[in-house]
Amino acid sequence: MRNQYLARLYARRTELESRLELHIARYCFGEGEVDDGTEAELRQRITEISDEIADLEGERGV
């Protein structure tokens, strides 16, 4: 069960990182002129998921 949860966390983090890269690329090419907080929100969520992964892996002794 824990491995499945970790796998979902890894997948979710990868998805968020991809969305962040796309957001940054759009901004760099002028398609996202307004800073609506999306980048900060994505970075915060990635950090939260990464922390949760680290905590769970630490409990396993990995």
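Q: Why is glutamate 39 called partly exposed in this predicted model?
A: Glutamate 39 has 28% relative accessibility. Buried would need a value under 20%, and exposed a value over 50%, so a residue in between is called partly exposed. That is why glutamate 39 counts as partly exposed.

Q: What makes the pairing of glutamate 39 with arginine 43 a salt bridge?
A: The closest N and O atoms of glutamate 39 and arginine 43 are 3.0 Å apart. The cut-off asks for a side-chain nitrogen of Lys or Arg within 4 Å of a carboxyl oxygen of Asp or Glu. The pair meets that limit, so the name salt bridge applies.

Q: Where do glutamate 39 and arginine 43 lie?
A: Both are in helix H2 (residues 38–60), four residues apart, which is about one turn of the helix.

Q: Why are glutamate 15 and arginine 12 separated by about one helical turn?
A: Because they are three residues apart in helix H1 (residues 2–28). Glutamate 15 counts as partly exposed, with 40% relative accessibility, and arginine 12 counts as partly exposed too, at 31%.

Q: What makes glutamate 48 and arginine 45 a salt bridge?
A: Their side chains meet at 3.2 Å, N to O. Since the limit is 4 Å, the pair counts as a salt bridge. Glutamate 48 and arginine 45 are three residues apart in helix H2, so about one helical turn separates them. Glutamate 48 has 36% relative accessibility and arginine 45 has 35%; both values fall between 20% and 50%, so each residue is partly exposed.

Q: How many salt bridges does a search of the whole structure find?
A: It finds three.

Q: Which residues make up the largest nonpolar core?
A: There are nine: Leu6, Leu9, Leu16, Leu20, Leu42, Ile46, Ile49, Ile53 and Leu56. The elements giving two or more residues to this core are H1 and H2, and H2 gives the most, with five residues.

Q: What does leucine 56 touch, leaving aside residues up to four places away in sequence?
A: Leucine 56 touches Arg2, Tyr5, Leu6 and Leu9.

Notes: Residues are numbered from 1 along each chain as its sequence is written. This is a predicted model: local features need pLDDT of at least 70, side-chain atom pairs count only at pLDDT 80 or more; totals for chains, interfaces and linings use all residues. Side-chain values use heavy atoms; hydrogens and water are left out. Buried means under 20% relative accessible area, exposed over 50%, partly exposed in between (1.4 Å probe, protein chains only). A nonpolar core is a set of buried Ala, Val, Leu, Ile, Met, Phe, Trp, Tyr and Cys residues joined through side-chain atoms within 4.5 Å. Contact means heavy atoms within 4.5 Å.
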